[in-house]
Amino acid sequence: MKKYGIMGGTFNPIHLGHLMISEYIRVDMELDEIIFVPTGNPPHKKTTDASLRYEMVELAVQENEYFSISDIEVKNSDISYTVDTISNLEGKLDGKFYFIIGSDTLFQLKTWKKIDLLFKKVEFICAIRPEYVSTQILALELKYLKQKYDAKIHIIETPLYEISSTDLRNRISKDKSVKYLIPDVVIDFIKEKELYK
Ligand code: ATP
């Protein structure tokens with residue numbers, strides 16, 4: 001059975017932190033493919049247009065034969081919930097789904113819509129660098145999620161690229177270089193479209 005890693009995010013813009021953990025997890029968890037799913041434009045949240053964020057992800061994933069992109073969420077004019085996105089993917093693809101998250105997201109999972117159903121549908125893979133997350137707090141959270149939802153969460157130790165899209169947007173707005181933080185093709189696209197100015 002094919003194993004799909006799902007990497008959801010705003011990707012505003014996509015950066016090397018996203019790409020690095022995806023590749024690292026693909027190899028360590030022996031996944032067949034990683035599908036990047038950029039979020040759509042939520043009705044009340046101001047963010048870069050979904051089609052532009054989609055294009056940046058498309059450019060970033062093209063040089064990795066194991067990476068692909070899905071437009072499920074960007075096509076949706078309403079808020080997309082992960083549980084619905086996974087149901088949609090289940091209807092299209094035959095395989096097992098693993099949802100990839102960074103450690104910051106792990107602590108928000110219990111607030112996600114229909115999280116109990118989502119835990120039945122997917123296993124989560126969380127990228128963590130242990131020195132940067134209290135192992136006690138992590139163990140408590142994992143125990144809680146396991147007891148309450150029978151959640152299956154794999155913890156994968158990855159290098160830490162302390163990069164966030166928020167910082168990148170700030171740097172770009174101040175005309176500071178983001179080389180080695182964002183793929184060159186995406187930097188060219190950002191310049192061409194004059195994003196984050
Ligand atoms: P923002 O700064 O706008 O909140 P972000 O950089 O956190 O954005 P998202 O698109 O919200 O990016 O993140 C998508 C997923 O990638 C989340 O699960 C998040 O935890 C993870 N992630 C983001 N940045 C990193 C990073 N530098 N290293 C590891 N995981 C990351």
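I took two strands to pair if DSSP finds at least two bridges between them, and I kept in mind throughout that this is a predicted model.

**Strands.** I looked up strand S1 (residues 3-9) and found that S1 and S2 pair in the parallel sense over six bridges. In this pairing Gly-5 stands opposite Ile-34 of S2. I then checked the cover of strand S2 (residues 33-38), where six of its six residues are buried. Glu-33, Ile-35 and Val-37 point one way from S2, while Ile-34, Phe-36 and Pro-38 point the other way.

**Salt bridges.** I noted 11 salt bridges in the structure. One of them joins the side chains of Asp-84 and Lys-113 at 3.5 Å, N to O. Asp-84 lies in helix H3 (residues 82-92) and Lys-113 in the loop between helix H4 (103-106) and helix H5 (115-121), so this pair ties together parts that are 29 residues apart in sequence. Asp-84 is partly exposed at 36% relative accessibility, and Lys-113 is partly exposed at 34%.

I next looked at Lys-197 and Asp-175, whose side chains meet in a salt bridge of 2.6 Å, N to O. Because Lys-197 lies in the segment after H8 and Asp-175 in the loop between helix H7 (165-173) and H8, the pair links parts 22 residues apart in sequence. Both Lys-197 and Asp-175 are exposed. I also recorded a network in which salt bridges with shared partners join Lys-146, Asp-150 and Lys-152.

**Negative patch.** On the surface I found Glu-55, Glu-58, Asp-188 and Glu-192 gathered in a patch of negative charge, to which helix H2 (50-61) and helix H8 (184-193) each supply at least two residues. Glu-55, placed in helix H2, counts as partly exposed at 33% relative accessibility.

Terms used. Residues are numbered from 1 along each chain as its sequence is written. This is a predicted model: local features need pLDDT of at least 70, side-chain atom pairs count only at pLDDT 80 or more; totals for chains, interfaces and linings use all residues. Side-chain values use heavy atoms; hydrogens and water are left out. Patches are made of residues with over 30% relative accessible area and no salt bridge: like charges are joined within 9 Å, nonpolar side chains (Val, Leu, Ile, Met, Phe, Trp, Tyr) within 5 Å. Accessible areas come from the Shrake-Rupley method with a 1.4 Å probe; for residues, only the protein chains shown count as cover. A salt bridge is a side-chain nitrogen of Lys or Arg within 4 Å of a carboxyl oxygen of Asp or Glu. Lys and Arg count as positive and Asp and Glu as negative; His and the chain ends are not counted. The place of a charge is taken as NZ of Lys, CZ of Arg, CG of Asp or CD of Glu. Helices (H or I, at least four residues) and strands (E, at least two) are DSSP runs, numbered from the N terminus. Buried means under 20% relative accessible area, exposed over 50%, partly exposed in between (1.4 Å probe, protein chains only).
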